[in-house]
Amino acid sequence: MAAEKKVTLVSLGCPKNLLDSEVMLGKLFEDGYELTVDPVDAEYLIVNTCGFIQDAKEESIEHILEMAEIKAKYAGKKLVVSGCLAQRYGNELLQEMPEIDVLVGTGHFQQMPEVLVQLESPAPQREYLSDNVYLYRETDTRIQTTLPHTAYLKIAEGCNHKCTFCIIPKMRGLLKSRTVSSIVAEAEQLGAAGVREAILIAQDSTEYGTDIGLRDGLATLLADLHDRVPTLDWLRVLYLYPSMVRPSLLDVYARHDRICKYFDMPMQHVSDRLLRSMKRGYTQKTLLRLLDGIRQCMPEAAIRTTFIVGFPGETPADVDVLLNFLERAQLDRVGVFTYSLEEGTPSYELPDKVPEHEAAHRRDEIMALQQEISWHKHQALVGRRAWALIDEAATETEPAVGRLSSQAPDIDGVVYVDGPVESGELVQVDITGAEAYDLTARVVTP
């Protein structure tokens, strides 16, 4: 047990990494460590990093350097770097940044208490890196860092896809799914603790269960969660792989009212030529057929996606294909990223690189069109009634902030709510105004 040792942790990157941070904090707390948000006050400085794309790597390095400065200024501190950047670059990080005391990879974060103890030994181990995959369980203590009424629920780790631009399988390994019973048990714990929205996450949620013999695993899991955990008002799923969204899954979405009709499906591109080069395993025709299928059984569904522009070999004609697709598809929300050249991925060696300035121009062009589409779709909501989950109560100067079931936290826009509401409440609102990303609404008086 730690003797009143204090720990601070900075979590970077995606919700999946955030959940790893929550498990780390839980294990440290169980072992007697005191958690603090002030790094000056802490003996151990932990940076849980992201190593997915260049921007994320740069942000991780910046935070490591910030902590290194604090370590240099105040004696007795130890700097721990965990997560994807540690897993991906290992020894290289230690050589270039000797301020780091220890690296902890994605398969060893659950060992953080032991890591910190051995840092005080005369010859501490400086690397905890392997190809192991740690999949947390419902018995693992988590320190929830999200709002009390919203929590992430990781259903699987790793990915079996071979997308040529993606380094994740090398950092996180192949698919490893939790059991349905483990996930349901954790969901019950979250609901009992006051969580109203559980957000299911994985590298590819649609692949859930295929490694443990489940057919239609995600559909089975969602139906069980809906039926067995009534304390959860909203069940939301992130990261659906388009070609794996089957009719059986759509049927579960359509039949269960507490499953948010929210489809987060990273498409990455719609040019068939580029999709083949990316090894995505589907075509534009596949995507259009899927969109039609979703809207036929759930006209109210919100569809969100992300695209990559500037992928090697992309031409202006490919961008026109994407722009035409957006006009036809009328998606609710779109994020666009410029291609990140990542060593260790198959696309790293591809010819015909697109200059960064050109990729940025293409991104801006696509986002301008999507902003117009989103604005029109939001205008159509004005005058309608909907349920909103309140994230922030009103202040003297600002209205309350909430979300519709079509808005995921920290990803999509929000709804500014006029009326007497508190954080964590689920209330009915009338939508009174709309912009491209955010809405305004008024609470329906009982």
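**View 1. Five strands of the predicted model close into a barrel.** The order of the strands around the barrel is E15-E16-E17-E19-E18, and their pairing is mixed. From one strand to the next, the twist averages 50°. Strands of a sheet pair through backbone hydrogen bonds, either parallel or antiparallel.

**View 2. Strands E16 and E17 pair in the antiparallel sense.** Strand E16 is formed by residues 400-404 and strand E17 by residues 415-418, and three bridges connect them. For Ala400, the bridge partner in E17 is Val417.

**View 3. Three strands form an open sheet with parallel pairing.** The strands lie in the order E7-E10-E11. Strand E7 (150-154) and strand E11 (234-237) stand at the edges and have a single partner strand each, so one side of each is left without a neighbour in the sheet. The twist in this sheet averages 25° from one strand to the next. Strand E10, residues 197-201, pairs with E11 in the parallel sense over four bridges, and Leu200 stands opposite Val237 in E11.

**View 4. Helices H2 and H3 pack at an angle of about 60°.** Two packed helices are described by the angle between their axes and the distance between the axes. Helix H2 comprises residues 54-73 and helix H3 residues 84-96, and their axes are 12 Å apart at the stated angle of about 60°, which makes H2 oblique to H3. The crossing in which H2 passes H3 is right-handed. On the H2 side the contact involves Lys57, Ser60, Ile61 and Ile64, which meet Leu85, Arg88, Tyr89 and Leu93 in H3. Sorted by class, the residues of this contact are five nonpolar, one polar and two charged.

**View 5. Helices H10 and H11 pack at an angle of about 15°.** Helix H10 is made of residues 284-297, and its axis lies 12 Å from that of H11. Angles under 35 degrees count as roughly parallel, and H10 and H11 are therefore roughly parallel to each other. Their crossing is right-handed. H10 contributes Gln284, Leu287, Leu288, Leu291 and Arg295 to the contact, while H11 contributes Val321, Phe325, Arg328 and Ala329. By class, six of the residues in the contact of H10 with H11 are nonpolar, one is polar and two are charged.

**View 6. Helices H11 and H12 cross at roughly 10°.** The axes of helix H11, residues 316-329, and helix H12, residues 356-379, come within 10 Å of each other. H11 and H12 are therefore roughly parallel to each other. In H11, the residues Pro316, Val319, Leu322, Leu323, Leu326 and Glu327 meet Arg362, Glu365, Ile366, Leu369, Gln370 and Ile373 in H12. This contact of H11 with H12 has eight nonpolar, one polar and three charged residues.

**View 7. The protein chain as a whole contains twelve helices and 19 strands.** The radius of gyration of the protein chain is 23 Å, close to the 22 Å that the globule rule gives for 446 residues, so the chain is as compact as a globular protein of that length. Along its principal axes, the C-alpha trace spans about 65 × 60 × 50 Å.

Definitions and conventions: Residues are numbered from 1 along each chain as its sequence is written. This is a predicted model: local features need pLDDT of at least 70, side-chain atom pairs count only at pLDDT 80 or more; totals for chains, interfaces and linings use all residues. Side-chain values use heavy atoms; hydrogens and water are left out. Axes are lines fitted to C-alpha atoms, for helices over the stretch in contact, and angles run from 0 to 180 degrees between N-to-C directions. Helices (H or I, at least four residues) and strands (E, at least two) are DSSP runs, numbered from the N terminus. Angles under 35 degrees count as roughly parallel, over 145 as roughly antiparallel, 65 to 115 as roughly perpendicular and the rest as oblique. A crossing is left-handed if the near helix is turned anticlockwise from the far one by less than a right angle, and right-handed if clockwise. Contact means heavy atoms within 4.5 Å. Ala, Val, Leu, Ile, Met, Phe, Trp, Tyr, Cys and Pro count as nonpolar, Asp, Glu, Lys and Arg as charged, and the others, Gly among them, as polar. Two strands pair if DSSP finds at least two bridges between them. The radius of gyration is taken over C-alpha atoms; the globule rule is 2.2 Å times the number of residues to the power 0.38.
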